[in-house]
Amino acid sequence: MRDTDTDLLEELASLPTFHHPTASPDGGEVALYYDVSGRNELHVLDAETGDLRKVSDGEVPRNARWWVDWSADGERVFFHDDEGGDEQNDVRAIDREGNAETVVDLDGQNALLDVGDDGETLLVGSTAGGQMNLYRHDLPTGETTKLTDYERAVGSGALSPDCDRVAYVTNESEEFANTDVYVAEADGSHPRNLHIGETGAEASVADWGPDGDRLLVADNTENFSRCGVYDLETDEVTWFGEGDADEGPVAFLPDGERFLAVRTRRAAKLPVVYDAATGEGREFDLPEGVATLPSVGDPVLADDRVVVVHTTPDRRPELLAYDLATDEYETLLDAEYGDLDPDRFADADYFRFESHDGLEIGALLYDSGERPSPLVVNPHGGPRGADLRSFDLYTQFLLSRGYSVLQVNYRGSTGRGREFVERLYDDWGGGEQEDVAEAVRQVTAEDWVDDERVVVFGGSYGGYSAYWQMVRYPELYAAGIAWIGVTDLEDMYENTMPHFRTELMEKYLGTPEENPDLYRERSPVEYVEDLDAPLLMVHGVNDRRVPVSQARIFRDALLDAGFERGEDADFEYVELGEEGHASSDIDQKIRLFRTLDDFLARRLPDATAESER
């Protein structure tokens, strides 16, 4: 049943949420972001007693997008801080008494990749020199030294246990989709390409073995991503898994004999522990949904336990301590529901359908219970992302307003292997948009769905999809909401951050000089004249991934084409101050929710009529 209580919107957005849990070096505590006070703050949780202590008081960012990590001695926590969500981060540190200081303040975007076991070294990725490259920061002297100087972005950096070497990922081949794992000396000298997998495939590194003689790596040569252990003495790699699902390595366990990974199948994720000697793998015994391990920092607690975040479509995330010896778990931090009944939230139905060219596409469908039901089509971002069987606040908010929600894992989404991802290369605005449209056609053919009240709403690449659906498939939609979306590919190429330019735009589309026709043909702004239903455009002014120029270009093109702006006109336009590429901040979530709710209530008033579920 649709909720008419306007306070529900604020209540949903204000439910406390935690982010980026990571275990302390001794395994006794977990550092995490948590906004139970009404603002994102750093907290430390005792893994034995469950005691939770707030450490910060406004020193950390309101937006919890970026991760945290412990210092080697466990006395401080490193975090990322920017201005108004612009992601041009400094790396800062805060101690247990709440004293914070800036540690790395290079120009551009700075990302802490690893904390050295020696207590003196940080490995940082930075765009200070233009492209994303590696820098080594010495904590005692405060000096920061550039280690790499590649034209393509460098990522996945990891320090060896003795901090004498560094492993990372970049691409020097002529195959643009390729990535390789390198090992270099601590000063960046003598880099060696390990040549894992075939050229054109993607290799990555997750962790060093505790003795520094092995690397935990991944590769998708055989289509599905697989985990491997690379022996640095013999230059041989041992692969694990059955090769029938995407698996991503996370970390070695302290004994060095086992490692952790996460397996993706049918929009669900489940951790796996592998025996490195026998090759045997065991899935964690958890309910189906999305169970993840910290990918930055340390997932390992004391007494052979690991930190797990678990959620389902109708249950909010919980923080668990999973015992690897007994396959039992306890809850370290319960999901918060306030005065809301947890049973009010709707589960998702996962299904697959045949798209226009016979390709099988997966999707999630949430039924609000309205009859006939209005529908919100919610394509995911990325594009290399996926909608999963996890709790999504935007989805549950829309369901509470009476809208059913359709999420489509179009070609190019993760979790279906390399071949599925590569179907989107050179084809933005092509087959994947037809996948979304075909899903809409099939779902609206059901008697319980109202095909006259269909709205498309997406953010980031999902915002690109929202623009595209509105101007290329106008017959399907009664309204659209494009949030932080791409509209002009050439402007996006020129103004996004350098690592997004090469690793996103060039990887998928080439350059505007190489493919000028493709850049124009696949830009939604080229088709503004075809807009045939009300459109809401929302964009953060501090967005550096998808600059606000993307929304302004589309707005100006609409005005030039004779469309009118206003609440009762052809389109509406909202710029969000002090916000970048989305936000986890409670007040900013409420602001966005109110903007969406107001637009839908005015533009599709019949969709808000109460009915029994």
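Buried means under 20% relative accessible area, exposed over 50%, and partly exposed in between, with a 1.4 Å probe and protein chains only. The model is predicted, so local features need pLDDT of at least 70 and side-chain atom pairs count only at pLDDT 80 or more, while totals for chains, interfaces and linings use all residues. Residues are numbered from 1 along each chain as its sequence is written, and side-chain values use heavy atoms, with hydrogens and water left out.

View 1. Ser 523 lies in the loop that runs between helix 8 (516-521) and strand 36 (535-540); helices (H or I, at least four residues) and strands (E, at least two) are DSSP runs, numbered from the N terminus. Ser 523 counts as buried because its relative accessibility is 0%. Leaving aside residues up to four places away in sequence, Ser 523 touches Trp 468, Thr 487, Asp 488 and Leu 489, where contact means heavy atoms within 4.5 Å.

**View 2. The chain around this site.** Ten helices and 37 strands form the secondary structure of the protein chain. Of its 613 residues, 61% are buried. Among contacts between residues at least 6 apart in sequence, 55% join residues at least 24 apart.

**View 3. Extent and charges.** The C-alpha trace of the protein chain spans about 65 × 55 × 45 Å along its principal axes. The mean positions of the 53 positive and 135 negative charges are 3 Å apart. Lys and Arg count as positive and Asp and Glu as negative, with His and the chain ends not counted; each charge is placed at NZ of Lys, CZ of Arg, CG of Asp or CD of Glu.
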